[in-house]
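Welcome! Please take a moment to look over the sequence and the 3D view before reading on. The briefing below walks through it topic by topic.

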Amino acid sequence: MPPNDMAPLLEYSEELFAPETETHRWIRAQMAERGFPTIHISPLEGRILAVLASLAGAEKLLELGTLGGYSALWLISLLPAEARLITVESEPRHAALAREAFERAGERRIEVMEGDARNVIQERLLGDQGQAASFDLIFIDADKQSYPYYLDSACKLLKSGGLLLGDNAYWEGKVVDASARDVETEAIRLFNRRLAEDPRFESVLLPVRDGLAAAHYTGPLRQHSS
Ligand SMILES: C[S@@+](CC[C@H](N)C(=O)[O-])C[C@H]1O[C@@H](n2cnc3c(N)ncnc32)[C@H](O)[C@@H]1O
């Protein structure tokens with residue numbers, strides 16, 4: 001049985017496996033200085049994203065919700081030189097910090113697309129740039145009420161065999177709090193339920209920090225001809 005208090009073990013894992021780079025520390029300091037919300041992933045979750053991306057052999061990645069670029073740097077950290085990550089951010093100040101951070105890290109594999117993720121997906125990724133079924137990995141971490149929409153979009157953007165990841169699947173415990181009926185909680189519940197039941201996905205919620213949804217996208221449903 002694992003001990004009830006996991007904190008020392010999480011600290012042990014983080015120290016051993018997830019040391020931050022100088023740029024990670026710089027981003028956190030800048031976020032504090034610029035008054036950004038501290039809603040980025042933890043170093044351990046970052047390392048988990050990095051290992052999953054590497055295991056998936058991901059070369060083309062999409063992140064929804066950049067903030068200061070903290071998770072983007074983890075996602076790309078174990079990937080080869082040819083890997084490319086597009087990260088989408090609606091808040092110009094956040095996008096600007098992320099660009100500064102990538103520049104500082106000498107990281108040229110990451111492109112920040114500024115704008116509302118729904119518009120970017122519809123107009124750029126699925127529209128004029130025709131990037132349907134081309135991503136190996138999608139990490140969802142933008143506005144929570146759009147998670148079901150992002151799930152639908154992921155089915156169009158992911159290659160068969162791709163990996164879908166979603167942060168905040170526990171939503172600070174509100175998914176199991178019957179009195180929580182707000183739009184964001186309901187959206188995350190719907191996202192989780194659909195991931196659990198949709199036959200196109202092999203999914204699980206990993207009990208990491210605020211819950212990390214991880215799903216293998218097996219591909220579009222086959223049409224049965226009768
Ligand atoms: C939880 S933070 C992302 C944290 C980041 N992934 C990390 O761990 O370092 C969510 C980010 O999504 C952005 N955001 C919220 N709604 C958005 C939308 N509709 N389109 C694009 N970005 C959005 C917010 O401005 C914020 O920077």
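Which residue takes a positive phi in the hairpin of β6 and β7? Arg209 does, with a phi near 45°, and this hairpin has five residues between the strands. Keep in mind that this is a predicted model: local features need pLDDT of at least 70, side-chain atom pairs count only at pLDDT 80 or more, and totals for chains, interfaces and linings use all residues. Residues are numbered from 1 along each chain as its sequence is written. Helices (H or I, at least four residues) and strands (E, at least two) are DSSP runs, numbered from the N terminus.

**The sheet**

- Strands of a sheet pair through backbone hydrogen bonds, either parallel or antiparallel.
- Here, seven strands form an open sheet with mixed pairing, in the order β3-β2-β1-β4-β5-β7-β6; two strands count as paired if DSSP finds at least two bridges between them.
- The edges are taken by β3 (110–114) and β6 (201–206), each of which has a single partner strand, so one side of each is left without a neighbour in the sheet.
- On average, neighbouring strands of this sheet are turned by 15° against each other, direction ignored.
- Helix α5 (residues 92–104) packs on the sheet, where it touches β2 and β3, and its direction makes about 165° with that of β3. Touching residues, or residues in contact, have C-beta atoms, placed from the backbone, within 7 Å. Axes are lines fitted to C-alpha atoms, for helices over the stretch in contact, and angles run from 0 to 180 degrees between N-to-C directions.

**Strand β1 and its partners**

- β1 is largely enclosed by the rest of the structure, because four of its five residues are buried. A residue is buried if 20 or more other C-beta atoms lie within 10 Å of its own, exposed if 12 or fewer, and partly exposed in between, with C-beta atoms placed from the backbone.
- β1 and β2 run parallel and are joined by five bridges; Glu63 stands opposite Thr87 in β2.
- On the way from β1 to β2 you can look for α4, as β1, α4 and β2 make a right-handed β-α-β unit. Right-handed means that, with the strands pointing away from the viewer, the path from the first strand over the helix to the second runs clockwise.
- β1 also pairs with β4 (residues 135–140), in the parallel sense over four bridges.
- Leu62 stands opposite Ile138 in β4, and its bridge partner in β2 is Ile86.

**Strand β7 and its partners**

- Five of the six residues of β7 (residues 212–217) are buried, so this strand is largely enclosed by the rest of the structure.
- β5 and β7 run antiparallel and are joined by five bridges; Asp167 stands opposite Leu212 in β7.
- β6 and β7 pair over six bridges in the antiparallel sense, with Ser203 opposite Ala215 in β7.

**Around the ligand**

- There are 19 residues around the ligand, and His40, Gly65, Tyr70, Ser71 and Ala117 come nearest. A residue is near a molecule if its C-beta atom, placed from the backbone, lies within 6 Å of it.
- α4 (70–76) and β2 (84–89) each supply at least two residues of this shell.
- The shell divides into seven nonpolar, seven polar and five charged residues. Ala, Val, Leu, Ile, Met, Phe, Trp, Tyr, Cys and Pro count as nonpolar, Asp, Glu, Lys and Arg as charged, and the others, Gly among them, as polar.

**Two helices side by side**

- Helix α7 (residues 147–157) and helix α8 (residues 183–197) pack at an angle of about 30°, and their axes are 8 Å apart.
- From α7, the contact is made by Tyr147, Pro148 and Leu151, while the residues from α8 include Phe191 and Arg194.
- The residues of this contact divide into eight nonpolar, no polar and one charged.

**Residues to find**

- Most residues other than glycine have a negative phi, and most peptide bonds are trans.
- Trp171 has a positive phi of about 45° although it is not a glycine. Trp171 lies in the loop between β5 (158–167) and α8.
- Glu172, found in the loop between β5 and α8, has a positive phi of about 55°.
- Is Trp171 buried or exposed? Trp171 counts as buried because it has 23 C-beta neighbours inside 10 Å, whereas Glu172 has 11 and counts as exposed.
- Gln30 sits in helix α2 (residues 22–33). Leaving aside its neighbours within four places in sequence, Gln30 is in contact with Gly68 and Leu97.

Conventions
Contact = placed C-beta atoms within 7 Å.
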